[in-house]
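Hi,

Here's the structure I promised to pass along.

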Amino acid sequence: MTAPIPRDIPDLPPIPGHVVLPPTVVPARAVLIPARRRLVAAFRSLIALLALAGVTIELLVGGAPPTTALSHFTVQSGILLALVMLASAQCAWSAHHPLPGALTGAVLFYVVAAGLVQHLLPAGESPLFTTPGATGSAWQTAASQILHTAVPVAAALDWLLFTAPGRLHLRQAPAWLLYPLAYLAFSLARGELLPPGSQDRYLYPFLDVARHGYKAVLGNALLVGLALYALAVLLVAVDRTRPNPLRRPR
């Protein structure tokens with residue numbers, strides 16, 4: 001006859017020299033093998049080419065010196081988007097893991113913000129603010145429409161159709177505003193260094209200190225900054241609630 005098994009067995013002491021590892025959670029990307037997505041790679045390559053085409057047109061025939069054109073937030077964000085899209089296309093083509101959501105979300109935020117600033121704020125004398133009904137060459141109008149309309153729409157479509165949701169987080173929104181804040185400091189410092197009366201001394205009308213004064217310009221910058229933060233929060237909210245376009249139906 002065997003002895004009865006006690007209901008409560010005391011915990012055994014740990015074995016000397018034996019390290020007990022705490023339980024860990026393995027992320028899905030560590031066990032899932034990404035697949036080649038040639039269509040996505042081709043689409044992202046086209047977005048990169050579109051952005052580079054708009055930047056090239058503005059640099060060559062935009063009516064402003066290349067250094068002035070490169071000083072525009074729109075041109076800088078277009079170059080950043082082109083670089084990120086080329087890297088994302090390479091990841092999709094070679095079946096690598098996608099780029100971090102914080103990076104792709106940031107460049108999407110920048111190009112969308114540049115497009116909204118162009119379409120919602122009053123236009124100025126800068127060539128990049130040329131609209132179809134305003135004066136300016138056809139090339140200037142083409143560059144403006146590519147960088148302010150076509151590129152943001154294409155980047156948003158890539159985000160909605162070819163990326164998994166839930167990769168953006170609210171804590172990333174303040175970090176995204178660091179670049180616009182640095183650009184504000186650059187734009188104001190550039191305007192102070194250029195002599196009065198210089199063409200394109202202030203690159204955007206709402207930042208024209210000579211016309212509005214520092215008090216009004218800083219007030220405009222604060223309003224634009226709050227609007228940009230609201231845009232960043234909106235992008236995060238949409239990303240958290242939108243359906244997953246990459247999920248295969250069962």
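Predicted model: local features only at pLDDT ≥ 70, side-chain atom pairs only at ≥ 80, totals over all residues.

Let me start with a quick one: is arginine 242 buried or exposed? Arginine 242 counts as buried, at 9% relative accessibility. (Buried is under 20% relative accessible area, exposed is over 50%, and partly exposed lies in between, using a 1.4 Å probe and protein chains only.)

Residues are numbered from 1 along each chain as its sequence is written, and side-chain values use heavy atoms, with hydrogens and water left out.

Searching the whole structure turned up 3 salt bridges, meaning a side-chain nitrogen of Lys or Arg within 4 Å of a carboxyl oxygen of Asp or Glu. Here they are:

- Arginine 242 pairs with aspartate 239 at 3.1 Å, N to O. Aspartate 239 is buried too, with 0% relative accessibility.
- Arginine 44 bridges to aspartate 158, with 2.8 Å between the closest N and O atoms. This one ties together distant parts of the chain, 114 residues apart: arginine 44 sits in helix α1 (residues 38-61) and aspartate 158 in helix α5 (residues 138-162). (Helices are DSSP runs of H or I, at least four residues, numbered from the N terminus.) Both arginine 44 and aspartate 158 are buried.
- Arginine 211 meets aspartate 208 at 3.8 Å, N to O. Here arginine 211 is exposed at 55% relative accessible area, whereas aspartate 208 is buried at 15%.

Cheers

Methods. Helix = DSSP H or I, 4+ residues; strand = E, 2+ residues; numbered from the N terminus.
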